[in-house]
Amino acid sequence: MDKFLIKGGVPLRGSVTISGSKNAALPILAATLLTDEPCVIRRVPDLSDVRFMGEILESLGAQVEFSSGTIRAQAARIKPHGDYELIRKMRGSVCIMGPLLGRLRRATVSLPGGCVIGARPIDLHLKGFRSLGARVTIEGGYVHARAPRLNGCDLFLGGRAGSTVLGTANVIMAAALADGITVIDSAACEPEVVDLANFLNAMGARITGAGSPTITITGVRKLHGAEHDVIPDRIEAATFAVAAAITRGEVTIKGARLEHQQAVADLLRQAGVKIERSGPEFTVSRAGRLKPVDVTTQPYPGFPTDVQAQMMALMCVTPGISIITERIFESRFMHVSELARLGAEISIEGPSAIVKGGQPLSGAPVMASDLRASAALVLAGLAARGTTEVNRVYHIDRGYERIDEKLRQLGARIERAKET
Ligand code: EPU
């Protein structure tokens with residue numbers, strides 16, 4: 001296993017190019033199962049989660065080639081039965097269910113478990129499949145869905161925490177090949193859902209309203225192959241924006257879309273961070289003192305749960321009291337105890353973390369627990385005095401393409417080493 005060794009205290013300077021979005025790429029790759037024709041997906045980030053999705057597609061019978069950021073996938077003949085162990089390993093793999101059900105009218109997929117950030121049920125995905133006419137049962141750890149016919153329906157897909165991103169993706173993909181019209185209300189509005197809908201429409205689907213809470217899908221008989229460029233990763237861009245702010249640096253973020261980051265940009269500005277757009281890129285810098293913020297995570301366009309940990313790292317170095325409330329996942333505060341090892345003062349009260357910021361951070365060995373928590377530890381390490389050792393960086397490799405290299409190009413002193 002790899003670890004990062006970070007010597008903090010260097011203001012990051014220069015420019016960084018953002019990779020394609022992991023969370024857009026995963027459902028788009030799953031969508032290639034909807035046709036027997038070849039698909040070409042470009043700007044795919046080279047990440048362990050993405051390679052893993054490639055393996056899952058192959059295990060279902062598809063041919064997948066990944067080279068220089070482009071995936072060519074063809075699912076000429078596929079089976080409806082996913083490999084238990086393979087699918088169980090990555091929660092995002094749940095989004096193969098919609099395409100299998102749409103194309104083959106049946107799907108058997110291992111029930112994804114919870115993970116460190118929360119219980120992560122899939123009841124809303126299953127509600128959607130049932131509404132389309134599927135019979136869904138759970139047996140032996142597998143979800144079995146069968147639908148001799150899939151019929152368009154009107155469906156409310158909101159849950160306890162609001163909309164569901166992969167649930168919306170799953171229902172759209174099944175409904176794309178259903179008979180008749182499906183209207184999803186309380187659909188997820190995330191840019192990744194829009195990107196999926198754009199790809200599906202390029203394949204011949206008829207989807208309108210993606211990006212709004214009401215999405216209408218008019219089922220078609222068949223989808224064809226298509227080519228697509230994945231949108232830039234808004235969470236990676238936000239992470240580099242925080243990296244610039246936390247190190248008092250100045251970083252130009254290229255290839256991202258500021259319009260996908262309004263909530264993050266607004267909060268950073270409230271905190272005293274300067275963000276200046278210039279054409280397709282934006283520059284993040286910090287001139288004066290930072291100010292504490294209060295923020296609650298919400299579905300898009302609200303402040304993303306996937307940037308909560310990184311923002312907490314920034315608030316650790318910001319004098320004053322910040323309150324960060326997590327409303328999407330019930331236990332997404334695994335980074336708190338690790339940030340404390342670096343000297344941060346954070347207490348948890350219910351869904352809120354109260355950060356008493358401004359104490360100097362000093363390097364220490366810490367443990368990455370999940371993808372975004374690991375990003376927060378790297379950010380804190382960049383700001384800390386001395387050396388921070390972030391262990392188990394395979395978590396970060398799941399979702400950030402070459403983050404150590406990209407940070408080094410900005411001047412950070414970060415090395416990858418083997419854990420002993
Ligand atoms: N939920 C239900 N029932 C369901 C589905 C979801 O109650 O059937 C609840 C969840 O427990 C959670 C909320 O709804 O409280 C939102 O979960 P959502 O379904 O939107 O999450 P997801 O689709 O499984 C994606 C991203 C996550 C990101 C969330 C929220 C992918 C592969 N994953 O997960 O990304 O945090 O949306 O934006 O797209 C990450 O990249 O680090 C990551 C965890």
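The ligand is surrounded by 24 residues, of which Asp 123, Leu 124, Thr 164, Asp 306 and Ile 328 are the closest. The structure is a predicted model. Classified by residue type, the shell around the ligand consists of eleven nonpolar, eight charged and five polar residues. Four helices each contribute at least two residues to this shell: helix 1 (22–31), helix 5 (123–131), helix 6 (165–175) and helix 12 (371–383).

An N or O atom in the side chain of Arg 160 is placed 3.0 Å from a ligand oxygen atom. From the backbone, an N or O atom of Val 165 lies 2.8 Å from an oxygen atom of the ligand, and for a backbone N or O atom of Pro 121 the corresponding distance to a ligand oxygen atom is 3.3 Å.

A hairpin is formed by strand 4 and strand 5, with two residues between the strands. Strand 4 spans residues 63–67 and strand 5 spans residues 70–74; the two run antiparallel and are joined by five bridges. Within this pairing, Phe 66 has Ile 71 of strand 5 as its bridge partner.

Technical notes. Residues numbered from 1 in each chain as written. Predicted model: local features only at pLDDT ≥ 70, side-chain atom pairs only at ≥ 80, totals over all residues. Heavy atoms only, no water. Pairing = 2+ DSSP bridges. Near = heavy atom within 4 Å. Polar contact = N/O pair within 3.5 Å; in protein donor to acceptor, adjacent residues only side chain to side chain. Nonpolar A, V, L, I, M, F, W, Y, C, P; charged D, E, K, R; others polar.
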